Amino acid sequence: MEQSVQANKKFIVPIGPQHPALKEPGHFEFTVDGEIVTGATVRLGYVHRGIEKGCEDRNYAQGMYLTERICGICSHVHATAFALAAEQLAHVNVPPRAQAIRVLVAELERIHSHMLWLGVQAHEGGFDTLFMYTWRDRETVMDLLETLTGNRVNYSANVLGGVKCDITDELASAIHKGVDFLEQRTHYYLNIVTNDETFLGRTRDVGTMTPEQAIRIGAIGPTARASGLQRDVRINAPYAGYVDFPVQIVTAQGGDLLSRTIVRVNELFESIRLIRLVLEKLPPGEIAARMPRRVPEGATVSRVEAPRGEVFYYMKSDGSDKPERVKVRTPSMCNWGTVMATAVGHKLADMPMLLAGIDPCFSCSDRSVVVVRNDEPQAMTWEALRQYGIGYYK
Amino acid sequence: MDPINRFEEVSSALAPWTRWSKLVQSNMLEVSVSRNHLLQCAEALRTMGWGYLSAITGMHIPGVENTTSVEKQWSRLDQEGELSYRPPFTGDSFIVLYHFCEGDQVLNLRVHPPSLEDSNVPTLSHLYPVASIYERELQEMFGVLVDGTPDPSRLLLPEDWPDGVYPLRKDFKGLPAED
């Protein structure tokens, strides 16, 4: 009798809220049967700051700087989405040079974000050498961003109506030098992630998502492209300078963690190509247009491809100098569903890499992991789970 | 495919349930439907493979005050295009927008329940699993009740957040200071 009751009990392993991945707060609960995960839930909000509400009390210029602080990794993306929506409502034509510089900063940011992610993914798998290498090399692009905008993060490259920083010849040659080095390093990373048996052992056929599943769950960004979906806002709905500097889509067919890694590494090459193209064909002219303080009544949407996928902004104006409503939907929100769906059937030891595999951004979606075992929630810190995973595969 | 054709296609598919529709900008179509028909519309979109559910936006619309002249209210309502079914004197209400994206086009399905008290909308999570997360957000931020949503627990707000306080409503000006 007692035994059968025991058999019906589920193990729930709680993980977090501190540092579930990427050293940010979130809380996950994995229900496990022995070693195999049978269910997963997420609880976010540990870094919820009420930015949507905050935007309603600030004018458009202030709002842009506030939304830029939604995420420290893809800050430029948020500011761009905000600026594009406000400019659309105010019927402001942004000069082509400014739009091209927005693309340049966005692609530099994508390089920094993907390299950061590759390091984290390697770290979760216990491959700390690769982690050190990628983060060391990432300093190159951080330095470039700092030289260009004055800031390592929260660059504030945008102003409403354009950008604040111009590209000089000196800067252009520094960027060329930087991306040459990064390109050489990216070849090295691609070789490692596709040939290193340790890395392959942890990523191949882990968290596989078929294109049909990806569509049904609503995956976006590199997570969707790794399942072969042609989903990239830069291509589907070109914004800013992407009309003049078209992107070639990077996809993979595997749908597993390996494919997600390959897609991101290949996107590094694509970003480097775009950066060179922008520098070569940078349109002359002004870098900002005048933006009125009051924005005419109306509503619009703005979609921007962040390193993690589509960022969606809905903005409604009531004719005053403050937006009536700003809705932000960040890519991590969509991709949580993919983790929750693909986690089932996998070993608990795979969870760190699977979670990190969507490149979750907690500030983005705002947000630990819980594994339920024998009905008694047993909280694991992310570090404990990571060590468990590494130990399991040793 | 030609952009306009995609909108025409969707307009005709949604026609049986459309109250009004408006091309807000060249790539954004807003279609107002009754919440009773929301499920049919979402199902039609899914069957024809039109886009994916990109976001759900909630909006708190403060009621039209009686001090403004009736003409003004009518003209405002006229701009909103809802003259046909909304009375000039209204209390607070919610508008819920379901944003579907297809290529560079965005379709907003607009649902406008009559009042704050009667603001239930049906869940779309069985059609679009991603909707579950958006619906949790909508419930806790506005107090719009989503009927049948699989996980009605809080997603973003802290555990000790008081019940019945919805931060994205226009009348929310912060929690009272603690003693």
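The structure is a predicted model, in which local features require pLDDT of at least 70 and side-chain atom pairs count only at pLDDT 80 or more, whereas totals for chains, interfaces and linings use all residues. Residues are numbered from 1 along each chain as its sequence is written, and chains are lettered from A and ligands numbered from 1 in the order in which they are written.

The contact between the chains (two residues being in contact if their C-beta atoms, placed from the backbone, lie within 7 Å) involves 27 residues from chain A and 25 residues from chain B. On the side of chain B that touches chain A, two or more residues are given by each of strand 1 (18-25), strand 3 (52-61) and strand 4 (93-102) of chain B; helices (H or I, at least four residues) and strands (E, at least two) are DSSP runs, numbered from the N terminus. Strand 3 of chain B provides the largest share, six residues. By class, this side of chain B comprises 19 nonpolar, five polar and one charged residues, where Ala, Val, Leu, Ile, Met, Phe, Trp, Tyr, Cys and Pro count as nonpolar, Asp, Glu, Lys and Arg as charged, and the others, Gly among them, as polar.

Within chain B, Leu29(B) lies in strand 2 (residues 28-33). Leu29(B) is buried, because 22 C-beta neighbours lie inside 10 Å; a residue is buried if 20 or more other C-beta atoms lie within 10 Å of its own, exposed if 12 or fewer, and partly exposed in between, with C-beta atoms placed from the backbone. Beyond its neighbours within four places in sequence, Leu29(B) contacts Phe7(B), Ser21(B), Leu23(B) and Leu107(B).

In chain A, five of the five residues of strand 1 (residues 11-15) are buried. In a regular strand the side chains alternate between the two faces of the sheet. Accordingly, Phe11(A), Val13(A) and Ile15(A) point one way from strand 1 of chain A, and Ile12(A) and Pro14(A) the other way. Strand 1 of chain A pairs with strand 2 (residues 27-33) of chain A in the antiparallel sense over five bridges, pairing requiring that DSSP find at least two bridges between two strands. In this pairing, Ile15(A) stands opposite Phe28(A).

A further open sheet of chain A has three strands in the order 6-7-8, with antiparallel pairing. Strand 6 (298-306) and strand 8 (323-329) of chain A stand at the edges, each with a single partner strand, so one side of each lacks a neighbour in the sheet. Neighbouring strands of this sheet are turned by 15° against each other on average, direction ignored. Nine bridges join strand 6 of chain A to strand 7 (residues 309-317) of chain A in the antiparallel sense, with Thr300(A) opposite Met315(A). Helix 4 (residues 75-90) of chain A lies across strands 6 and 7 of chain A, at about 150° to strand 6; axes are lines fitted to C-alpha atoms, for helices over the stretch in contact, and angles run from 0 to 180 degrees between N-to-C directions. Helix 13 of chain A lies across strands 6, 7 and 8 of chain A, at about 135° to strand 7.

Gly345(A) is exposed, with 11 other C-beta atoms within 10 Å.
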